Protein chains: 2
Amino acid sequence: LTLKEDAINLHRMVRGKIEIQSRITLDNTVEEKSTLGLIYTPGVAYIAREISKNKELVYDYTSKWNNVAIICDGTRVLGLGNIGPESALPVMEGKSVLFKVLGGINAFPLCISARDKEEIISFVKAIEPVFGAVNIEDIESPKVLDIIERLKNELSIPVFHDDQHGTAVITFSALINALRLLDRKLMEIKIVISGAGSAGYGIYRILYEAGCRDIIVTDSKGAIYEGRNESLDNSYKKEIAKKTNSKKLCGTLTDVIREADVFIGVSGKADLLNDKMVKSMNPDAVVFALSNPDPEMLPANALNAGARIVATGRSDFPNQVNNALVFPSILRALLDLRAKTIQEDMLVAVAKAIAALVTDAHLKEDYIIPKINDPRILPIVNQTLKEALQRQACISQH
Amino acid sequence: LTLKEDAINLHRMVRGKIEIQSRITLDNTVEEKSTLGLIYTPGVAYIAREISKNKELVYDYTSKWNNVAIICDGTRVLGLGNIGPESALPVMEGKSVLFKVLGGINAFPLCISARDKEEIISFVKAIEPVFGAVNIEDIESPKVLDIIERLKNELSIPVFHDDQHGTAVITFSALINALRLLDRKLMEIKIVISGAGSAGYGIYRILYEAGCRDIIVTDSKGAIYEGRNESLDNSYKKEIAKKTNSKKLCGTLTDVIREADVFIGVSGKADLLNDKMVKSMNPDAVVFALSNPDPEMLPANALNAGARIVATGRSDFPNQVNNALVFPSILRALLDLRAKTIQEDMLVAVAKAIAALVTDAHLKEDYIIPKINDPRILPIVNQTLKEALQRQACISQH
């Protein structure tokens, strides 16, 4: 059987990868204090009244503390593009499985037919009472970046944008270890990022925050630089143009990848990279071909062409740089710590902490990042975000 | 311990009466066909692609077939009024427990901060991709009746309005058996309904559909009749005025309950009914004091005052006339039958089928309705709705 047939058989068999479970066993009594009378009318009226007097009690008496909404409008699902909310649902159910198995979180997939920016913002604001955090997923860029900015300001629960924040953390984490293996410094290398959507924007941001300055981001029109003739059609690309590529290198990816030390592909384009391009990179080249399901270059080909360290987003190759490694633990921590928001420095700290889980003894070309189900991830991310929030609280008190 | 203390202890202990469960066990392999590779990237991409080619497959490959959205804006929670969406959440979680335990349904409580009619309609339309049906709950009337009308026309999944439809079915069901016990006919009795919100409207509709003609509905301004001086402030009250109270009786509940055979209270007002009012009814009076958590009159008092058959909405008294007896099975059937909508005649048929579950041998004053967890309810409701849908299909083909 092919992978496709296996996947179809499994999905047809389970007919839904998640379900809602009752945590209550109903008894058969009809006394006033039967379980039914406590969880439903008349007993639940007391709980409703208590919460109406003190809204914070919703965290103590309901599942809100552990609920995450996965929001997707189906406009940019995996590398498949705008295939609609129904098609996004199996992907988001898979995400919900990972949230539960890896983070113990109740994540409900809300794949919505709303497409308009303001409509999506209103939608997410409307569900705030039920959820402890929001995870935005697979919505087209730059619309989604505007949505995130707005929601960050207008919600009092944290808004995690997995395509941006999750990808940035895990990519930076893998890069830290690749450079550690090569004994090189972030400040002295040249990095080319292919793709200026949510992932490319998030990766540039975290690298910049961490001190990296020689970054070139390319989009479908080639290298981004300030003053490029081809329009920088949104404020995020304008920001990239301002903060990266200070030499204003122009041209295609083939042009700018020359003498780069690191390639990071989040382009959504299979086979974007060829032998010649990898050979034109500096020695000990690092190639992260992260597009899913089809990477920019298959690992064997990249290694053959001379790359020293190669990673993809897939579970069937070594070095899986996939946000599944971070989103369950980050959301777990945000919920547990009742965080209100996520800052760039928090993401940098988490990336460093995860990288440090790979000890010198284990670090090698095909093991630069822990496995998705590494049990050390959850506690270290929790500890790291706790410290970051304490630092923020300290700073804001002074 | 009091009921309140017991309820608070239980809710504090479970911290959420429902949770999301994975139906998938992840293995630890990193092969291409690992479970992770099938349910998430890369395998899930095939499922997403298949659905994008044929949207109906979302019913086969995801949980949509078994998902119900419970929608509540917190404006009319139980008998507690406008206490907000956070306060509604424990009630809706309780509802979700009943959906699961009694109907095997995944019902997610979406208690939303949106209050505006158009906003709520847009919200529900946005979630259509994920859910097989919608249950509208505890939204203030008449806004909610407008919302239901619009959604019925604008959605292609069924919209159940528990306060209206559920209450109507179970009330009519109990009334059928009360009249059976008294050997009386629906056409020859006088019924007074106190409350002209969702429940009162739904009950008048089902009784009218079933052939009952001597109905008087009262609201806070007294009996409703065509041409009443005090305004009939919405189209639903105008409809009630047109179809009921043909003698145009006016006055308070005290005035119009005189010589009534049946009182149905869905007023939300505790102790609305007194001894004198019950005594003024015809012999063998039927008193359904259905408001929750506090009925219009306690059963012992109603019986003392001369009522022959008494019911409330509560589980701690005999004859629990509560929509919990019908909403799990009706939604189960609507999902299984992939119904697109709910018609009045379907509700009448279900009420009759449930009433018939109480055999002559068991029928008595304090047992006119099956228990909430009667295992015969699910199959009989399914069968009844299946036949109703077949009749509709027949009619629409001719």
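Strand 9 (residues 262-265) and strand 10 (residues 286-289) of chain B pair in the parallel sense over four bridges. Two strands count as paired if DSSP finds at least two bridges between them. Helices (H or I, at least four residues) and strands (E, at least two) are DSSP runs, numbered from the N terminus. Across this pair, Gly265(B) has Ala289(B) of strand 10 of chain B as its bridge partner. Helix 9 (residues 198-209) of chain B packs on the sheet. This helix touches strand 6 (191-194), strand 7 (215-219) and strand 9 of chain B. Contact means heavy atoms within 4.5 Å. The direction of helix 9 makes about 160° with that of strand 6 of chain B. Axes here are lines fitted to C-alpha atoms, for helices over the stretch in contact, and angles run from 0 to 180 degrees between N-to-C directions.

This is a predicted model, in which local features need pLDDT of at least 70, side-chain atom pairs count only at pLDDT 80 or more, and totals for chains, interfaces and linings use all residues. Residues are numbered from 1 along each chain as its sequence is written, chains are lettered from A and ligands numbered from 1 in the order in which they are written, and side-chain values use heavy atoms, with hydrogens and water left out.

Now the whole sheet. It is open, has six strands in the order 8-7-6-9-10-11 (chain B), and its pairing is mixed. Strand 8 (222-223) and strand 11 (309-312) of chain B stand at the edges. Each has a single partner strand, so one side of each is left without a neighbour in the sheet.

Chain B holds another open sheet, with four strands in the order 3-2-4-5 and parallel pairing. Its edges are strand 3 (106-111) and strand 5 (159-161) of chain B. Each of these has a single partner strand, so one side of each lacks a neighbour in the sheet. Neighbouring strands of this sheet are turned by 25° against each other on average, direction ignored. Strand 2 (residues 67-72) of chain B joins strand 3 of chain B in the parallel sense over six bridges. Here Ala69(B) stands opposite Phe108(B) in strand 3 of chain B.

Next come the helices. Two packed helices are described by the angle between their axes and the distance between the axes. Helix 8 (residues 162-182) and helix 15 (residues 344-355) of chain B pack at about 45°, with their axes 8 Å apart. That makes helix 8 of chain B oblique to helix 15 of chain B. Angles under 35 degrees count as roughly parallel, over 145 as roughly antiparallel, 65 to 115 as roughly perpendicular and the rest as oblique. The crossing of these two helices is right-handed. A crossing is right-handed if the near helix is turned clockwise from the far one by less than a right angle, and left-handed if anticlockwise. Helix 8 of chain B contributes residues including Phe172(B) and Ile176(B), and helix 15 of chain B contributes residues including Leu347(B) and Val350(B). By class, this contact of helix 8 with helix 15 of chain B has nine nonpolar, three polar and two charged residues. Ala, Val, Leu, Ile, Met, Phe, Trp, Tyr, Cys and Pro count as nonpolar, Asp, Glu, Lys and Arg as charged, and the others, Gly among them, as polar.

In chain A, the axes of helix 6 (residues 117-126) and helix 7 come within 10 Å and cross at roughly 35°. This crossing of helix 6 and helix 7 of chain A is right-handed too. Their contact has five nonpolar, no polar and seven charged residues.

One helix pair spans the two chains. Helix 3 (residues 44-53) of chain A and helix 5 (residues 85-103) of chain B pack at about 160°, with their axes 8 Å apart. That makes helix 3 of chain A roughly antiparallel to helix 5 of chain B. Their crossing is right-handed. Among the residues in contact are Val44(A) and Ile47(A) from helix 3 of chain A, and Pro90(B) and Val91(B) from helix 5 of chain B. The residues of this contact divide into six nonpolar, two polar and one charged.

How are the chains related? Chain B can be laid on chain A with an RMSD of 0.0 Å by a turn of 180° and a shift of 0.0 Å along the axis. That is the relation of a two-fold axis. Copies are superposed by least squares on the C-alpha atoms of residues with pLDDT of at least 70 in both. Of the residues of chain B, Ile20(B) comes closest to the rotation axis, at 2.2 Å (C-alpha).
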